[in-house]
Amino acid sequence: MDFSSKYLEKAVLEISGLPGIGRKTALRLALHLLRCDENEVEALAGSLLDLKQRVKRCASCGNLSDRELCEICENPAREQSLVCVVEDIRDVMAIENTGQYKGVYQVLGALISPMDGIGPGGLNLQSLLDKVEEAKVQEVIFALSGTMEGETTGFYIYKKLKDKGLKLSSIARGIAVGDQLEYADELTLARSIQHRLPYEQSLQQNRS
């Protein structure tokens, strides 16, 4: 792809580095920005800088937040003793959109994947373990994807918690094995949470 401007070429290069955006789409976006009012471009650039510089991880659950604690953890109406374990922020958003879950979350930030060099140490898990030791948690719901990585991660955490006197459950598999939570429709996901199973029972189902 030949460019008549080095600045246009640099913009296309940077935009095409974003996930799911090829060079043709990047060129179309760059040309669109070139046609925009300068104030609009500055507003976009400013929002991206704010995103990078101001958004942080919640100290309690690992969710994205503008403050030390996210709005969910700070909400006194949420059941702090009920914790839903998810992979990332997209899963939190998917479950919140159902309007059926009233507990809090533990956002792992990753799944155990030896192929990708991610082991148990790569999980954001310590804050959950601390809360369990402080007897602040009564039930942990595993809401991880049904992929091999999700099952491996769930089983690892289960072994960490199984002797702690907690209720351990898993979302019902109305969500097909291998599916990601973020792509499940809200009704299916809501029912999967409402009709959750004891984790040991979900293990037996996965092995059958």
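## Largest pocket

The lining of the largest pocket divides into 13 nonpolar, 2 polar and 2 charged residues (Ala, Val, Leu, Ile, Met, Phe, Trp, Tyr, Cys and Pro count as nonpolar, Asp, Glu, Lys and Arg as charged, the others, Gly among them, as polar). This is a predicted model: local features need pLDDT of at least 70, side-chain atom pairs pLDDT 80 or more, while totals for chains, interfaces and linings use all residues. Residues are numbered from 1 along each chain as its sequence is written, and side-chain values use heavy atoms, without hydrogens and water.

The volume of the largest pocket is about 620 Å³. Of its 17 lining residues, Ala11, Ile15, Ala30, Leu33 and Leu44 are the closest to the centre. A pocket is an open set of points on a 1 Å grid where a 1.4 Å probe fits, with protein on both sides within 12 Å along at least five of seven lines; lining residues have an atom within 4 Å of a point. H1 supplies the largest share of the lining, 6 residues.

## Salt bridges

The whole structure holds 8 salt bridges (a side-chain nitrogen of Lys or Arg within 4 Å of a carboxyl oxygen of Asp or Glu). One of them joins Arg196 and Glu139, with the closest N and O atoms 2.7 Å apart. This pair links distant parts of the chain, 57 residues apart. Arg196 is partly exposed at 27% relative accessibility, whereas Glu139 is buried at 10% (buried: under 20%; exposed: over 50%; partly exposed: in between; 1.4 Å probe, protein chains only).

Methods:
Points joined across faces, edges and corners; volume = space filled by probe spheres on them. Helix = DSSP H or I, 4+ residues; strand = E, 2+ residues; numbered from the N terminus.
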